[in-house]
Amino acid sequence: MNYDHTIPRTPNVTTTVVDTSERLLLPPDGIVRTIIVAVFALSFYLPFAILVYYCNRHKPAIRYRNPVEMTFTATAAFAYCFARCMGSLFVDKFSCTLRLLSFGVPLQLGLVGYLLAELRVVLTFNLTEMMLAHAERRKVNHHKLGYLHSLLRRGLLSTYRICLHVAWNVPLVIILYSHDYSLYNGENCPNELSHQVTTLFASEFLVVVVASLMLSFNMSKVVDNFGLRQSFQASGRILFIWFCIYFPLLTFFFDADIVFNYRADLFMDILISHTFIWIHIVLPLREAYVMSHHDFEGAAFKGTVGILDAYLHTPEGFQAFSTFAKSEFRLECVLAWKTLVDYRVDSPEHLSAFEIYEQHIAPTAPLSLEKDIPASILKRYGLAFEANSKYSIAPEEMVRDANYFDVLLDSVMDKILAETLPRFQQHTLGATWGDFVSKYNTQMALDKMLDHEHAPFLQSNRSMPTIKGDLLRSSGRLGAIESRRESNMASSVTGDTICENDKSLEHTIKRGHSKDIQHF
């Protein structure tokens, strides 16, 4: 009997075969693993630094850096660093797709977040420039001004931010899910897939670094407050240098021992994350605590509301203070102070009450005080003007008394006094402040002495001062504005302080202030 020794053929079955000819990315061992673990452990200072940075986001050295969005970006940078270390130490425990997604998504979020955070700082500078032009009655695109106000009001979870992040991550998702890579684990990811993802990341990284450099050169050069411009430029240049080293490493040495055995790419990723967080989180945080150590708001603080008010009434003082406020993003407060004072003393060509509302309080106000003044105060003024319109009363025709905006003026002065004046005193623009305070105090002491000498003759004739009479001297200069923050209330730039025997007068004025808002 003849036997056919040929092996019977099996039906054609389509199978996916993993290409074992490609080099496997094995978990690191020996000294390399020890170094990775040590660096990974030391990197856990980063979330602590980020948390402290966020908790101190209202301090001057931090608040101008767009701290909320920068915190988000730094958190994404740490998550990227964390995922890269875990994916390298336990590369055999993850699927190929999960490993790439685990660090790909944080990287994408960090890149877009950094660009948006810097863009917000630049737009804030541009908005300040436009507000200054508007105040000087130069030609301004009011549509653009309103759009910038609207854009900068949007928070971290605004629709446009979410859409940008989603759109930026779409190419990565398409690459990872265009084919079935479920049979591959982290050790044997196809080289073709790895090259596609690497090329995508490198391209996006380059786009962000170049865009960041371009934005940093568009920042204000007037006053480089807290080194904002310098830090963003330094960050862009350093990250560009790392890119010039990193990209050739992944392009020409992707299959070499320096990547597979010594994890040079991983250490570069860790270095990039730490560089970013140090420049934009750790160094500003250090500066904030150095400022606290010098106690800018304590021992360095000199002056009261009355002195500041007198200083702002001088042309040189107003020019210097407004220039500094521009860099502090407080220009609208200084301009509002001038507008409200002009209204209060009925100066020539002052704005009407409705014009002040449109200028500083309305939702579309070009010099909006929304981010500086408590919402409760603005809301009450807004409701008063809106109610008049609702009941067919033209608000522009309503007559308000001179004290109508006193509550708003007090709040503006509080903001300037607490957040801008302490730093102004330490800045070169505030060089004249110390001399002015000395001269002011000397003049106050002299006037007080003269008041005591003539007290027997003036006591019987003294009566309740009017607003104009209390603020205007024979010299015609405007006087200090009364404020609930001021312990010694000043009634003029050159003299007339309320003495101990005038406590009843002081009490009467304070009661008047507390009732000002009742006009509503």
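## Cysteines and the disulfide

At 54% relative accessibility, Cys55 counts as exposed, a term that stands for over 50% relative accessible area, whereas buried stands for under 20% and partly exposed for values in between (1.4 Å probe, protein chains only). Cys81, in contrast, is buried at 1% relative accessibility. The structure is a predicted model, in which local features need pLDDT of at least 70 and side-chain atom pairs count only at pLDDT 80 or more, while totals for chains, interfaces and linings use all residues. Residues are numbered from 1 along each chain as its sequence is written, and side-chain values use heavy atoms, with hydrogens and water left out.

One disulfide (a pair of cysteine sulfur atoms within 2.5 Å) is found in a search of the whole structure, and it joins Cys96 to Cys189 with an S to S distance of 1.9 Å. Cys96 lies in helix H5 (residues 96-135) and Cys189 in the loop between H7 and helix H8 (191-216), so the bond ties together parts that are 93 residues apart in sequence; helices here are DSSP runs of H or I with at least four residues, numbered from the N terminus. Both Cys96 and Cys189 are buried, and the torsion about their S-S bond is about 130°, so the disulfide is right-handed.

## Annotated segments

The unreviewed UniProt entry lists several stretches as "transmembrane region", including residues 111-135 and 238-260, although such annotations may be inferred rather than shown by experiment. Over residues 111-135 the chain is 100% helix, with end C-alpha atoms 36 Å apart, while residues 238-260 are 83% helix, with end C-alpha atoms 26 Å apart.

Methods
Helix = DSSP H or I, 4+ residues; strand = E, 2+ residues; numbered from the N terminus.
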